[in-house]
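Let's take a walk through a protein chain together.

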Amino acid sequence: MIKIGAHVSVAGGLHKAIKNAESIGANTIQIFGSSPRQWRVKLPSKKETDLFKEKIKESNIGPIFLHAPYLVNIATPDDIIRDKSINNLIEQMKIAELIEAEGVIFHIGTRKDLEIKDALKKCSEAIKIILEKVPGKTKLIIENNAGEGTKVGTTPKEIGIIIKQVNSSRVGVCIDTAHSFESGIIDEYTPQKIKSFFDEWEKEIGKNKIIVLHINDSKTLSGSCRDRHENIGEGYIGLQGFKNLAKENRANKLPWILEVPGFSGEGSDKENIKILKSCF
Ligand SMILES: [Zn+2]
């Protein structure tokens, strides 16, 4: 079964995500476990998580992913920010365990003047701490970024180094189609380039490490290093790029999660899901 879904709102309670997903025809979801612009995390009550799990069981939705706040930065030379980030990710992982989510997707962050080698080491250490503090099944999922400034986690190689250093079955990768295009690690989604792209990821991070795909078109050109998502078929990747991706075996078995502006500007919508379904 093809898994196509989107980032959906949990305003009004976790269980609202399910209605929101169903209303746009999504059968897999990503949600924020807490406010994306705040450090503070409030764990959901048992009543909330029970209701959520009950509603999920009645639906055909899954897997479920959490997206960490944008503040998180485990590559930073600033120890205060790094500690806050580690603590935040620990809380996100706890929520993920409570609601039986597949994992927490996060961006590594910015290294500023740290050497890349040292930054990667700091990241691996942080991830080890988080996994140790939250035992269970839920995964920590590193998302590749658009290559802005000194952000860490742009290339398969960088992420691969962290994966090898952590050496845990609970660490995986989320590939964002727009970020990959914007950072220039793929400049065109042709069948041949898609194949080489997945070969490269497998070589650096190992097989079966890609857990989920963020499926977004891009408002900016390849190599722009500017992260601007666009509706499917309306950006520089183009509809044919997603059709080609749907034919790649290492991509079409994964959950596809949209994070697009939507045709009426209200976020990922029915229309984008319909377009993606038509790619298969
Ligand atoms: Zn993304």
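**A barrel and what packs around it**

The chain holds 10 helices and 12 strands, where helices (H or I, at least four residues) and strands (E, at least two) are DSSP runs numbered from the N terminus. Its radius of gyration is 18 Å, close to the 19 Å that the globule rule gives for 280 residues, so the chain is as compact as a globular protein of that length. That radius is taken over C-alpha atoms, and the globule rule is 2.2 Å times the number of residues to the power 0.38. Before we go on, know that this is a predicted model: local features need pLDDT of at least 70, side-chain atom pairs count only at pLDDT 80 or more, and totals for chains, interfaces and linings use all residues. Residues are numbered from 1 along each chain as its sequence is written.

Along its principal axes, the C-alpha trace spans about 45 × 45 × 30 Å. Of the 280 residues, 48% count as buried. Here a residue is buried if 20 or more other C-beta atoms lie within 10 Å of its own, exposed if 12 or fewer, and partly exposed in between, with C-beta atoms placed from the backbone.

Now for the barrel. Eight strands close into it in the order S1-S2-S3-S4-S6-S8-S9-S12, and the pairing is parallel. On average, neighbouring strands of this sheet are turned by 30° against each other, direction ignored. Helix H3 (residues 79-98) packs on the sheet, where it touches strand S3 (64-67), strand S4 (103-106) and S6, and its direction makes about 145° with that of S4. For such angles, axes are lines fitted to C-alpha atoms, for helices over the stretch in contact, and angles run from 0 to 180 degrees between N-to-C directions. Touching, or being in contact, means that the C-beta atoms of two residues, placed from the backbone, lie within 7 Å.

Let's follow the chain from its start. Strand S1 (residues 4-7) runs parallel to S2, and two bridges join them; two strands pair if DSSP finds at least two bridges between them. Histidine 7 has glutamine 30 in S2 as its bridge partner. Together, S1, helix H1 (residues 16-24) and S2 make a right-handed β-α-β unit. Right-handed means that, with the strands pointing away from the viewer, the path from the first strand over the helix to the second runs clockwise. From S2 the chain crosses through helix H2 (residues 46-58) to S3, and this β-α-β crossover is right-handed too. S2 and S3 pair in the parallel sense over four bridges, and phenylalanine 32 stands opposite histidine 67 in S3.

What about the inside? S2 (residues 29-32) is covered on both faces: Ile29 and Ile31 on one side, Gln30 and Phe32 on the other, are all buried. The largest nonpolar core has 80 residues, and among them Ile29, Val104, Cys123, Ile141, Val173 and Leu276 touch the most other members. H4 gives the most to this core, with seven residues. Such a core is a set of buried Ala, Val, Leu, Ile, Met, Phe, Trp, Tyr and Cys residues joined through C-beta atoms within 7 Å. Leaving aside neighbours within four places in sequence, isoleucine 141 is in contact with Gly103, Val104, Ile105, Gly172, Val173, Cys174, Ile211 and Val212.

Helix H5 (residues 156-166) has its share of hidden residues: Pro156, Glu158, Ile159, Gly160, Ile161, Ile162 and Ile163 are buried. Their cover includes helix H4 (116-133), strand S6 (139-143), strand S7 (151-152), strand S8 (171-176) and helix H7 (191-205).

Most residues other than glycine have a negative phi, and most peptide bonds are trans. Asparagine 167, in the loop between H5 and S8, has a positive phi near 50° and is exposed, with 9 other C-beta atoms within 10 Å. Asparagine 208 has a positive phi of about 60° and sits in the loop between H7 and S9. A cis peptide bond joins glycine 62 and proline 63, with omega about 0°; proline 63 lies in the loop between H2 and S3.
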